[in-house]
Amino acid sequence: MFTLAEVASLNDIQPTYRILKPWWDVFMDYLAVVMLMVAIFAGTMQLTKDQVVCLPVLQSTVNSKAQPSTSGKADFTTVETTTGQGEEASMRTVSFGSAPTVTADIPLSRATSSQYQPTESGQELKKERKDSSGRKTNLDFQQYVFINQMCYHLALPWYSKYFPYLVLIHTIILIVSSNFWFKYPKTCSKIEHFVSILGKCFESPWTTKALSETACEDSEENKQRLTGAQSLPKYVSTSSDEGSPSASTPMITKSGFKFSADKPMIEVPSVTILDKKDGEQAKALFEKVRKFRAHVEDSDLIYKLYVGQTVIKTVKFIFILCYTANFVNTISFEHICNPKVEHLIGYTQFECTHNMAYMLKKLLISYISLICVYGFICLYTLFWLFRIPLKEYSFEKVREESSFSDIPDVKNDFAFLLHMVDQYDQLYSKRFGVFLSEVSENKLREISLNHEWTFEKLRQHVSRNAQDKQELHLFMLSGVPDAVFDLTDLEVLKLELIPEAKIPAKISQMTNLQELHLCHCPAKVEQTAFSFLRDHLRCLHVKFTDVAEIPAWVYLLKTLRELYLIGNLNSENNKMIGLDSLRELRHLKILHVKSNLTKIPPNITDVAPHLTKLVIHNDGTKLVVLNSLKKMTNVAELELQNCELERIPHAIFSLSNLQELDLKSNSIRTIEEIISFQHLKRLTCLKLWHNKIVNIPSSITHIKNLESLYLSNNKLESLPAAVFSLQKLRCLDVSYNSIALIPVEIGLLQNLQHFHITGNKVDVLPKQLFKCVKLRTLCLGQNCITSIPDKVSQLLQLTHLELKGNCLDRLPATLGQCQLLRKNGLLVEDHLFDALPPEVKEVLNQDTSIPFANGI
């Protein structure tokens, strides 16, 4: 026989699941336990004491009822059967009439056999008759036991025999139905995760210690307390949203969420920063909640399963009540039995008594009462399930009572689980809602970030860039540390891959800041911070994937001088949204666009009169429409790189103030249009490198003021004499072509300072080359030169000489007369340098403080 504890274990679930069991489920569990106790008690009593006692109904008694005796005496038989601890039983039978008698205290076997023997004397018989009070039945003990067993199964109603087992089975079914949603494979994992996350969120230090700081951040009193705290002297941000922008600046994005100090708040703890371990655990909780929400909100299986099991319990209650009520009256103390064994015992009918009838009837009534209570609770549960939309959950009250107004409403199984938790304790859902708030998550990141990135650590990351400016580069952080804005001497700030970057009012302390880089970082600014940037920022770099990443406030920086936009600005995808508002940038001088444009956006013409430099790097997309260039009358520098241009655009010839033109990495084959450059009186630098130019037209002589000509990485085979008529030419780069001869006319370029002819087919250097006495850079590498003339000594200003990759067998000793040439400026094979005379090597190895020009 199983114990109560073993049966009760069927109703056992994980203790942590109690938060998902409302009062009716708990009450039904208690009812189920009571029903189990009823079943076990009834079953135990039935197994140990349940029996029936039967006596035969004599035929003479039956006949006497039909035909009254003439003597007026009724035959009556009384049988007493007693069972002792011994093996023998005594039986006393008292008979009226002429039936034989069995005297008392005579063993049953003797009494049974003696009923067939005649009495010794009539006097004894008369005496016994006077003492007798029953009728002889002619049955012994074994026959009574047999009849009792037969009648237990035949006369007793089946419900009286199986009542405890039915109660046990019904109760087990109800218990399983109540807890099936905790055990079903497709729901138990979600429930387990939810309970685990809910418990961790409830106990997380972030919901107690750090949350109290967040709730009272805008309180001036608390600001002073935080400022004076030793643990955070100046690294916790005390900035607040000072208001939204005016109507004239509608594109400024607010910094996020404004905390209210008017609402009730918990006292600020003495330790104002979370421990690193607690902060990491809180971050992990935010990630778990986000993933769990995405996993659960897309289905309503848990809700349907709970409704289904409640319906099953209700149907089960109705079924039990209907069929059980019919059997209440069948449980009685007396029963008539007809075993049909007359050939064995000589009697056809027996009257039996059931000793457990009274107890079973009381237990059955108790069980029906419990079932009725259970059923009413099931009906109430169904009413609750369908009375309110349980697949929707609103945190409206939580938003009103807390400082987080961005807690989203949830739906489906996520909503249902929260509704169930509310039946246990609403405090769970209130604290859980904190981990659904982006404002809360951002605040946690901010506190952890400020704890990790202190002022001293940031100072160690400050470096000097190529322009000798103090620069700080922050990469892939959760936000911008507050201590950054205490670096008042910082000049360049780079923020890369910081999606939640916010620029507070404290940036106004950085009076030296003039350059800002936003690389995939759609930063938000406060109103005061925007005012500061609008008045002080001079250079802005924005790198983005989609134009929507460009912060709207960028287009309102009216004092901005340089703007660099790097990202997708294709007109088909974005319709040039990013450049619509450039008209506000009235002081913009330099515009650098690295994108995939098919035409120069017409909106650039809004700032065209102010631009002095326009750079378009097109990443191989063909730039077709260039008519907008005509309006850029003040442009002095124009770069159209990698735009798949096949000819020099005619629109360029209208730029009268153009000084430098760069058409690098295009597909230009001919430059016959170069004659039109004669109208560009200020053009001094022409870069046509990395194209497919085959020859240089003689009309190049019309560019009288040209000082730098770059034709490297083309397909030139010769240099026309017209090139050497450009008397102002200071730099000539024809590297990596197919030029075999340097014309003697090169001697006419008396102002030439840099000459690059690396990577060609030159084998002889003309003596006229060394008449260019102002040469400082001479690159002759990767050619077929066999010797260097001694007249190289005439190049007294030479600081950089490249000879590597030729067919030289020696170097002239006159190299030592090039006063400014040193070993680090001489690029030649080691064995050629080692072959120089010792005194020449000594001169070349001397240190000098005079800088040399390394290339262009």
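Author: His 335 lies in strand S4 (residues 334-337), where strands are DSSP runs of E with at least two residues and helices are runs of H or I with at least four, both numbered from the N terminus. The model is predicted, so that local features need pLDDT of at least 70 and side-chain atom pairs count only at pLDDT 80 or more, while totals for chains, interfaces and linings use all residues. Residues are numbered from 1 along each chain as its sequence is written, and side-chain values use heavy atoms, without hydrogens and water.

Reader: Why is His 335 called buried?

Author: Buried means under 20% relative accessible area, exposed over 50%, and partly exposed in between (1.4 Å probe, protein chains only). His 335 has a relative accessible area of 10%, and is therefore buried.

Reader: What makes Ser 332 a polar contact of the side chain of His 335?

Author: A polar contact is a pair of N or O atoms within 3.5 Å; within protein, one must be able to donate a hydrogen and the other to accept it, and residues adjacent in sequence count only if both atoms are side-chain atoms. The backbone oxygen of Ser 332 lies 2.9 Å from a polar atom of the His 335 side chain.

Reader: Which residues is His 335 in contact with, leaving aside its neighbours within four places in sequence?

Author: Contact means heavy atoms within 4.5 Å. Among the partners of His 335 are Ala 155, Pro 157, Phe 350 and His 354.

Reader: How many helices and strands are there in the chain?

Author: The chain has 23 helices and 26 strands. Of its 856 residues, 49% count as buried.
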